[in-house]
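Keep the 3D view open as you read.

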Amino acid sequence: MSQTIPPVLSVHPTRALVDEAFKVVVTNLPPATPVTLHALHYSEDKDYWEAFGHYISDHRGMVSAAQHVSLGGTYTGIEPMGLLWSMCPEPGSRTGLRLRKRIVTSPMLIHISVYSGHITVGFRNQTPLASVLTERWYMAPGVQRVEINDKRVRGTLFIPPGPGPFPGLLDMWGGGGGLLEYRSALLASHGYVSLALEYFSPGELQTADLQIQYFESAFNIVKDHPQVISDKVGIIGLSLGAIIAFYIASESKVAKPHCCVCISGHHIFAFGETIGSVQREQQKELKARVDENNYRIWRDVRLPVPSDPSEKIDVRKITCPLLLVTGNDDQNTPSVEAAEDIAQMMSSSGRQHLLSTLTYPDTGHLIEPPYSPHFRATNFIKPTTKEKVIVLWGGRTKPHSDAQEDSWRKILAFLEQHLYSRTPPKARL
């Protein structure tokens, strides 16, 4: 490409929360010129992730990701945020990777670049026409991160900026174990005191079975915090975290959530079972299947949904608003079948008005905050045996990504409706 005025690449805003959209525009190109927009991220696990789209500049010599069609690449069509949600490991990377932010006090750094021509490989070996470094944050300015040193509970509390008090949330992830803070940091950036709970470390379930009291203690740490409105505390959980949320909302005499968001979970949990036994049952190979790539499919382990009420959490007892988020292609848990049974059970007790369900086509198990990459299958270390396998989560990239964007917006609206009596503060970078 020969011209005297170099192309200008702009990304606005260059510093933003991860659930904020940005605008990517290239100007000063010759008209009808092929170029490639490219995003590159070097992860905390020391892997390169990338996304790219092929464009043709318009008659003004401009390319806008929000207005122009990507003709090829990791995404196609008019996709303003395709450079983020279609990210995948660079060719030649290790198999089964998953991109998750571990250190929320620092941003995800994304290099946005424009290259001459339509290229598909070897981006780091070529010189871009222009490049911009962007920061994507889970933790807004002023959010406090407080490690919980209570002997009863392990986790990290995130407190929004400002005088408070604020609504509170207990935030629980799934069966992989460990401490994941990024969703709680983002929820605090939207005005909620959120406790990211670690409820077992990888391998711990070989020696310890957690009981419901652990989660009640965690809930009360949030409820009793001086910055929290004590009667405005909810629970958000994904996968195993959603199972625990169902159980607390149905059975606990100590923790009384004001609302619950349950993502990709189920209620097939017999009264008296321990968390460890749920994990062991979930990962039994007797009813598990594998696909053509030998990826583990665990959704059938708990199917069919039992008709015996003693084999399920009695969700008929739930008295708070409940939002279910499910994907029709969830290959890890029977979340859609469970949602249908939960609706029938709550209807039988006259509490169907408390239930809202979001079900998304071609969407898998790992429904994350918006613009997160889609992970159809990733490495997984079974906490009960430490065996390393590749688990099929399901979903197709474009519809799954659309579901993440839509569900996050509706989750925030649900939390605002039930936990805020006023408009929550909106942190911006």
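## Around the annotated site

Aspartate 330 sits in the loop that links strand 18 to helix 6. Strands (E, at least two residues) and helices (H or I, at least four) are DSSP runs, numbered from the N terminus. Before going further: this is a predicted model, where local features need pLDDT of at least 70 and side-chain atom pairs count only at pLDDT 80 or more, while totals for chains, interfaces and linings use all residues. Residues are numbered from 1 along each chain as its sequence is written, and side-chain values use heavy atoms, with hydrogens and water left out.

Why pick this residue? UniProt, in an unreviewed entry, puts the feature "active site" at Ser239, Asp330 and His365. The positions are in the numbering used here, feature names are shortened, and such annotations may be inferred rather than shown by experiment. The three span 127 residues in sequence, yet no two of their C-alpha atoms are more than 10.6 Å apart, so they gather at one spot.

Histidine 365 comes from another loop, the one between strand 19 and strand 20 (377-381). Its side chain makes a polar contact with the side chain of aspartate 330 at 3.0 Å. A polar contact here is a pair of N or O atoms within 3.5 Å; within protein, one must be able to donate a hydrogen and the other to accept it, and residues adjacent in sequence count only if both atoms are side-chain atoms.

The side chain of serine 264 reaches the backbone oxygen of histidine 365 at 2.7 Å.

Are these residues buried or exposed? The table has the values; buried means under 20% relative accessible area, exposed over 50%, and partly exposed in between (1.4 Å probe, protein chains only).

| Residue | Relative accessible area | Class |
|---|---|---|
| Aspartate 330 | 2% | buried |
| Histidine 365 | 1% | buried |
| Serine 264 | 0% | buried |
| Cysteine 259 | 0% | buried |
| Cysteine 260 | 0% | buried |

For contacts (heavy atoms within 4.5 Å), residues up to four places away in sequence are not counted. Aspartate 330 touches Ser264, Arg299, Ser335, Thr363, Gly364, His365 and Trp393. Histidine 365 has among its contacts Ser239, Ser264, Asp330, Trp393 and His400. Serine 264 is in contact with residues including Ser239, Asp330, Thr333 and His365.

Two strands count as paired if DSSP finds at least two bridges between them.

Strand 12 (residues 166-172) is mostly covered, with 7 of its 7 residues buried. Strand 12 runs parallel to strand 14, joined by 6 bridges, and phenylalanine 166 stands opposite valine 228 in strand 14. With strand 13 (residues 193-198), strand 12 also pairs in the parallel sense, over 5 bridges; here glycine 168 has valine 193 as its bridge partner.

Strand 14 (residues 228-238) pairs in turn with strand 15 (residues 260-263), parallel over 4 bridges.

Strand 4 (residues 34-42) and strand 8 (residues 108-116) pair in the antiparallel sense over 6 bridges, and histidine 38 stands opposite serine 113 in strand 8.

## Cysteines

How many disulfides are there? A search of the whole structure finds 0, taking a disulfide as a pair of cysteine sulfur atoms within 2.5 Å. The sulfur of cysteine 259 is 6.7 Å from the closest cysteine sulfur, in cysteine 260, which is too far for a bond. Cysteine 260 is in no disulfide either, and its nearest cysteine sulfur, that of cysteine 320, is 4.1 Å away.
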